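Here is a briefing for a reader new to this structure.

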Amino acid sequence: MDTLELDGSTLEGGGQLLRIAVALSALLSRPISINNIRGKRKPPGLKYQHAAGLRLVAEVCAARLDGCNTGSTTIELVPQSPQVTSRTYSADPGTAGSIALLLQVSLPSLLFSPSPGAPSTLVLRGGTNAAQAPQIDHMQHVFLPFLRRHLGLEPTLEIVKRGYFPKGGGEVHVSIPAVRGPLPAVTLVERGKVKAVRGRSYAAGLPKSLADAMCAAATEVLVESGVDAELIQIDAVREKPGDAVGSGSGIVLWAETEDGCIFGGSALGRKGVDPARVGKEAGGELVGNIAHGGCVDEHMQDQMIIFLALAQGHSTVKTGPLTLHTRTAMWVAEQLTEAKFRVQETEDGAVIECDGIGYVPTSRAVCSQS
């Protein structure tokens, strides 16, 4: 099969384009070459986290991988005949690079393994709560519930140890049962009223008063926006020394509606920044996601695209304002598959429609774990 060439500076021009392209290449046994990787970032090229994710996918699907060095702006991935024998895979960038992003790039290949038996296991190390990436709590409380409720998938995630910038050192275990048939189409256009808001405000290696202040400020923002105080439950915690590596603080929130939609909001503590301001940022992000009238938040909006493309039939999802990450995800999916996306922009958001390809794994189209 001819190698598909992609320009990594297209649209969003960051690591997301790389992750989606690599995941689909592995699933579909489609050789790809990507140049200008992270062309709109300074500096461009692969970071340790991206290289670790690429090596992980190459191992899972026995691909030939060229150019996978930090700083590289060109890679080539050529999926080979399945040869993998292990059911447990691990990745560690050796930094505080986002564990959530390692999960994003590797999850599709393992979900569609044709091999029967026990679930696959991922052991991922790095940063659990990193900047410019979904928090691991978002993956646990927003992303995975979306996969379970709307796609019938059943991955489970255990946070073994938290890891913070700059040391990393966090560890997450993910159990991934393989799907046996095509994914169902998703119709998600109604969400109902908010029925619960949960959250985690944390401090590691720092006073618990920071977590308390973030919790109080976030609660205040939510109540002022009209959320009933009785629906809000945010845990303020100080990490035990053995449960985290490094020091850090932040807050992660998630809201569930009567129709099963889940939205997130989060913020990280920074040196010299009032923790109350951090709490207000997280609360404001969640309030914004609730206010736009869509059924997914801005992170889930682009994360769902690869699954809609692989699903069987016509999917329709109401979202908030379309993000550049989502436009990029749709562009990549259409380059590598026959899926077709249509977007109807509205005053407060958009409706994304997709005719998926009904992907079913074959022995040569995905990884083998025999």
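Contact here means heavy atoms within 4.5 Å. The model is predicted: local features need pLDDT of at least 70 and side-chain atom pairs count only at pLDDT 80 or more, while totals for chains, interfaces and linings use all residues. Residues are numbered from 1 along each chain as its sequence is written, and side-chain values use heavy atoms, with hydrogens and water left out.

**Annotated site**

- An unreviewed UniProt entry lists Gln104, His299, Met300, Gln301, Asp302 and Gln303 under "binding site"; positions follow the numbering used here, feature names are shortened, and annotations may be inferred rather than shown by experiment.
- These residues are spread over 200 residues of sequence but cluster in space, with a largest C-alpha distance of 13.5 Å.
- Met300 is found in helix H7 (residues 298-303); helices (H or I, at least four residues) and strands (E, at least two) are DSSP runs, numbered from the N terminus.
- Met300 counts as buried at 1% relative accessibility, where buried means under 20% relative accessible area, exposed over 50% and partly exposed in between (1.4 Å probe, protein chains only).
- Leaving aside neighbours within four places in sequence, Met300 is in contact with His138, Val142, Phe143 and Phe146.
- Gln303 is also in helix H7 and counts as buried, at 6% relative accessibility.
- Not counting residues up to four places away in sequence, Gln303 touches Gln104, Pro134, His138, Met139 and Phe143.

**Nonpolar cores**

- A nonpolar core is a set of buried Ala, Val, Leu, Ile, Met, Phe, Trp, Tyr and Cys residues joined through side-chain atoms within 4.5 Å.
- The largest nonpolar core has 99 residues, of which Ile34, Leu122, Phe146, Leu147, Met304, Phe307 and Phe341 touch the most other members.
- Helix H1 (residues 15-28) gives the most to this core, with ten residues.
- A second, separate core of nine residues includes Val142, Tyr202, Val252 and Ile262.

**Aromatic pairs**

- Rings of Phe, Tyr and Trp (its six-membered ring) pair if their centres lie within 6.5 Å; planes under 30 degrees apart count as stacked, over 60 as edge-to-face and the rest as tilted.
- By this rule there are three aromatic pairs.
- The Phe143 and Phe307 rings have centres 6.2 Å apart and planes at 55 degrees, so this pair is tilted.
- Phe143 lies in helix H4 (residues 136-151) and Phe307 in helix H8 (residues 305-310), so the pair ties together parts 164 residues apart in sequence.
- Phe143 is buried, with a relative accessible area of 3%.
- Tyr164 and Tyr202 form a stacked pair, 5.7 Å centre to centre with 20 degrees between the planes.
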